[in-house]
Amino acid sequence: MSTDHAATADHHNSLVAHQFDDAEQQKEASALGMWAFLITEVLFFGGLILAYTIFRNAYGLAWTAGSHELNVALGGANTAVLIFSSFTMAMAVHFAQLGQRNKIVLFLILTLIFGSVFLGVKVVEYSEKIEHHLVPGPNFQYHGEFADEVNPRNVELYFFMYFAMTGVHAVHMIVGAILLVVWLIPMARKGRYTSEYYAPIENFGLYWHFVDIVWIFLYPLLYLIGRHN
Amino acid sequence: MSDTTHEFHPHIVPIPVYLAIFVALLVGTGVTIAIAYVDLGPMNTLVAMLIAFFKASLVVLYFMHVKYSSKLVQLAAATGFLWLGIMLFFTLSDVWTRDWQPVPGFAPQFVDEPLGHGPAAAGGHGEATDGHGEAPTAGGEHQ
């Protein structure tokens, strides 16, 4: 604080909070904080995948039976949609680094659209499961191609894991879409983000890509079991 | 902003790199689906997970900029996956090396049918198949 002119200049610069030496240190701190959060998310979804693995090891045929009730084409299309949205998100960060406001807004909106398409397809898939009585609970029934060989209670357990994993993933997508609508897109339109200050977009990008990664694992784990049978 | 020495210059990844990663991710998805229809025995899951891991690495390194981040961020990101590995490895090494007690209502298939095998011998499968599987028999059967 003493007499350093550069430090004084930064104190007058509203883009750098006064506890940081400079913009670079501030950006580093926010990235590190975001990664700390994402690590908790890795372990959160990791716990679900662990439960899935233990159950699948125990009830393998039921997992195949449950997986065969899912729609490979819709799930695959959704995987592609999510990869598209990750790409548009990466482009939004790219243009934030360059400080090109209109392109930031454009790619954030594209990200929102692809995210919404994903959720829309998920609604179609969930409603199919509801119609086919594949939601765990008193109305659960399994009459699929493995009905003679498998205990329906075990298939019900598969669908419990299916709804838990895809449901929590979808909640993350919904949170992301809400943040885009109420926060990032309006602020980007106001020109809040420049090549000097775009940490919110960068950190939101980290979150969005993480959610994409989760789906990259969920898709083969849930949709593609024993498809060669 | 007036002080140019304090501006920072992040590594800006060129758009063609993003496009290449994007295409690689789509191709990886296609390969994952195609391979699922080929019978590799127990290797199917392993191959699918290896491809998924490869795709996830591309996203982390390029889309999430970890390749261009500071050592501190790289260490933090790597540590997260280290903890995940610890959780998976030590839990599964326990689960896979012990006998399980059957759970009432879920039991019949579990005992006879390890991962990836077809319908195992056991005529016991059909017993609890009334659609709800409340199956008091299954509970009694194992006690």
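**Figure 1. How much of chain B is buried.** In this predicted model, buried residues make up 25% of the 143 residues in chain B. Here, a residue counts as buried if 20 or more other C-beta atoms lie within 10 Å of its own, as exposed if 12 or fewer do, and as partly exposed in between, with the C-beta atoms placed from the backbone. Chain B has 5 helices and 0 strands, giving the pattern α-α-α-α-α along the sequence. Helices (H or I, at least four residues) and strands (E, at least two) are DSSP runs, numbered from the N terminus. Among contacts in chain B with a separation of 6 or more, 44% are between residues 24 or more positions apart; two residues are in contact if their C-beta atoms, placed from the backbone, lie within 7 Å.

A quick word on labels and confidence: residues are numbered from 1 along each chain as its sequence is written, while chains are lettered from A and ligands numbered from 1 in the order in which they are written. Since this is a predicted model, local features need pLDDT of at least 70 and side-chain atom pairs count only at pLDDT 80 or more, while totals for chains, interfaces and linings use all residues.

**Figure 2. A look at Val31(B).** You'll find Val31(B) in helix 1 of chain B. Ala48(B) sits 17 residues from Val31(B) in sequence, and their C-alpha atoms are 8.9 Å apart in space.

**Figure 3. The largest nonpolar core.** A nonpolar core is a set of buried Ala, Val, Leu, Ile, Met, Phe, Trp, Tyr and Cys residues joined through C-beta atoms within 7 Å. The largest one here has 85 residues, and the members touching the most others are Ala62(A), Ala92(A), Ile104(A), Leu108(A) and Ile201(A). Helix 7 (residues 199-223) of chain A gives the most to this core, contributing 16 residues.

**Figure 4. Zooming in on Trp63(A).** Trp63(A) belongs to helix 3 (residues 60-67) of chain A. Trp63(A) counts as buried because 27 other C-beta atoms lie within 10 Å. Leaving out residues up to four places away in sequence, Trp63(A) touches Arg56(A), Tyr158(A) and Ile225(A). Tyr223(A) is 160 residues from Trp63(A) along the chain, yet their C-alpha atoms are separated by 9.8 Å.

**Figure 5. Helix 2 meets helix 6 in chain A.** Two packed helices are described by the angle between their axes and the distance between the axes. The axes of helix 2 (residues 23-58) and helix 6 (residues 152-189) of chain A come within 11 Å and cross at roughly 165°. So helix 2 of chain A is roughly antiparallel to helix 6 of chain A. Axes are lines fitted to C-alpha atoms, for helices over the stretch in contact, and angles run from 0 to 180 degrees between N-to-C directions. Angles under 35 degrees count as roughly parallel, over 145 as roughly antiparallel, 65 to 115 as roughly perpendicular and the rest as oblique. Helix 2 of chain A passes helix 6 of chain A in a left-handed crossing; a crossing is left-handed if the near helix is turned anticlockwise from the far one by less than a right angle, and right-handed if clockwise. On the helix 2 side of chain A, look for Leu48(A), Ala51(A), Tyr52(A) and Phe55(A), with partners including Leu157(A) and Met161(A) on helix 6 of chain A. By class, this contact of helix 2 with helix 6 of chain A has 9 nonpolar, no polar and no charged residues. Ala, Val, Leu, Ile, Met, Phe, Trp, Tyr, Cys and Pro count as nonpolar, Asp, Glu, Lys and Arg as charged, and the others, Gly among them, as polar.

**Figure 6. Helix 4 of chain A against helix 1 of chain B.** Helix 4 (residues 72-98) of chain A and helix 1 (residues 15-36) of chain B pack at about 170°, their axes 10 Å apart. That makes the pair roughly antiparallel, and their crossing is right-handed. Among the residues that meet are Phe87(A) and His94(A) from helix 4 of chain A and Tyr18(B) and Phe22(B) from helix 1 of chain B. The contact of helix 4 of chain A with helix 1 of chain B divides into 12 nonpolar, 4 polar and no charged residues.

**Figure 7. The loop residue His65(B).** His65(B) lies in the loop between helix 2 (43-63) and helix 3 (71-95) of chain B. His65(B) has a positive phi of about 65° although it is not a glycine. His65(B) is buried, with 22 other C-beta atoms within 10 Å.
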